[in-house]
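Subject: Structure handover

Hello,

Here is the structure I promised to pass on. Please open it first, then read the notes below.

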Amino acid sequence: MQSESVRLNHDRFDLHAVIPSCYPFVKWAGGKTQLLPDLDKCIPDNFNRYFEPFLGGGAFFFYLVSYKQLKFTPYLSDVNKELINAYNVVKSDVDELIRLLRMHDRAYRKAPHEYYYKLRAIIKPLNHVESAARFITLNKTCYNGLYRVNKNGMFNVPIGRYKNPLICDGENLRNVSIALRHTDAHLLDGDYKEILETAIENDFVYLDPPYRPTSPTANFTGYTNDGFNDANQTELHDTFKKLDRRGCKVLLSNSDTPFIRELYVDFKEDTKEVEVLRAINCKGSKRSGHKELLIRNYS
């Protein structure tokens, strides 16, 4: 049952309105759809605002608002500017976005390989809707939904092996638009540390950073051209502690490694081990048997 404090702090919401079912509109390496049953058990009893500064596909956010029907003010952010632009376009200009995606879909199906690399090579300035349509089309047709850029910041993931990729999921895009508008979602691009400066007591913060590799060869953290190394993981831990001292309710997911366990040893009583599939691995036999950690500062 939803708490009284959540309801009283959100008078502007129509408490009888139902946000339609929606789910991530982009494929994202490390997406949390498969972890939703475990994340569900970690939802705080009450909170005022929700921060997700490593947004990616946003599976947990969509679960909270469309499946759980919780009412809160969301602050959704990511350092990936193209991703946040796509969210803003879905929120404010979804019909034009759908029109352009349908155009890309028709062109892609005529010559998938040629059109993919032609679209990927575009570097001239695009308006915000054209940029979002290009971003989503590449995301739906590239290898494993990866986002990787070279030293010049240019997207360089090869084409994926898809027979019938769903480039334009119009119904879900419209439902996502409703969710973002109804919740008055704040969509921001920027470093997580700056975004979280405004988080205060009783805010719920979900941290889902690029994971620390579990082996020397499993080192993909290139969601931006900056990477996310051990020093970054240590900085994130420091931010976790700051949020804890402020009275925020903080939940973090990360790979199950001795380094991560040692970093968060002070929260070992509220650390949970969960099993996951790693769809990013090109060998099917190596996609299962992986473990992740859910770490929180509240019971």
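Start with helix H6. Its face turned away from the buried side carries Glu114 and Lys118, both exposed. Exposed means over 50% relative accessible area, buried under 20%, and partly exposed in between (1.4 Å probe, protein chains only). Helices (H or I, at least four residues) and strands (E, at least two) are DSSP runs, numbered from the N terminus.

Some ground rules. This is a predicted model, where local features need pLDDT of at least 70, side-chain atom pairs count only at pLDDT 80 or more, and totals for chains, interfaces and linings use all residues. Residues are numbered from 1 along each chain as its sequence is written, and side-chain values use heavy atoms, with hydrogens and water left out.

Back to H6, which spans residues 112-120. Tyr115, Tyr116 and Leu119 are its buried residues.

Next, strand E2, residues 73-78. Six of its six residues are buried, so E2 is largely enclosed by the rest of the structure. Thr73, Tyr75 and Ser77 lie on one side, and Pro74, Leu76 and Asp78 on the other.

E2 has neighbours. Strand E1 (residues 49-52) runs parallel to E2, joined by four bridges. Two strands pair if DSSP finds at least two bridges between them. Tyr50 has Pro74 in E2 as its bridge partner. From E1 the chain passes through helix H3 (residues 59-67) to E2, a right-handed β-α-β crossover. Right-handed means that, with the strands pointing away from the viewer, the path from the first strand over the helix to the second runs clockwise. Strand E3 (residues 186-189) also pairs with E2 in the parallel sense, over four bridges. There, Leu188 stands opposite Ser77.

Now the cores. A nonpolar core is a set of buried Ala, Val, Leu, Ile, Met, Phe, Trp, Tyr and Cys residues joined through side-chain atoms within 4.5 Å. The largest has 66 residues, of which Phe25, Tyr50, Phe60, Leu97, Leu180 and Leu251 touch the most other members. A second, separate core of 22 residues includes Tyr75, Tyr192, Ala199 and Val205.

Last, the cysteines. The whole structure has zero disulfides (pairs of cysteine sulfur atoms within 2.5 Å). Cys22 is buried at 7% relative accessibility, and Cys42 is buried at 3%.

Best wishes
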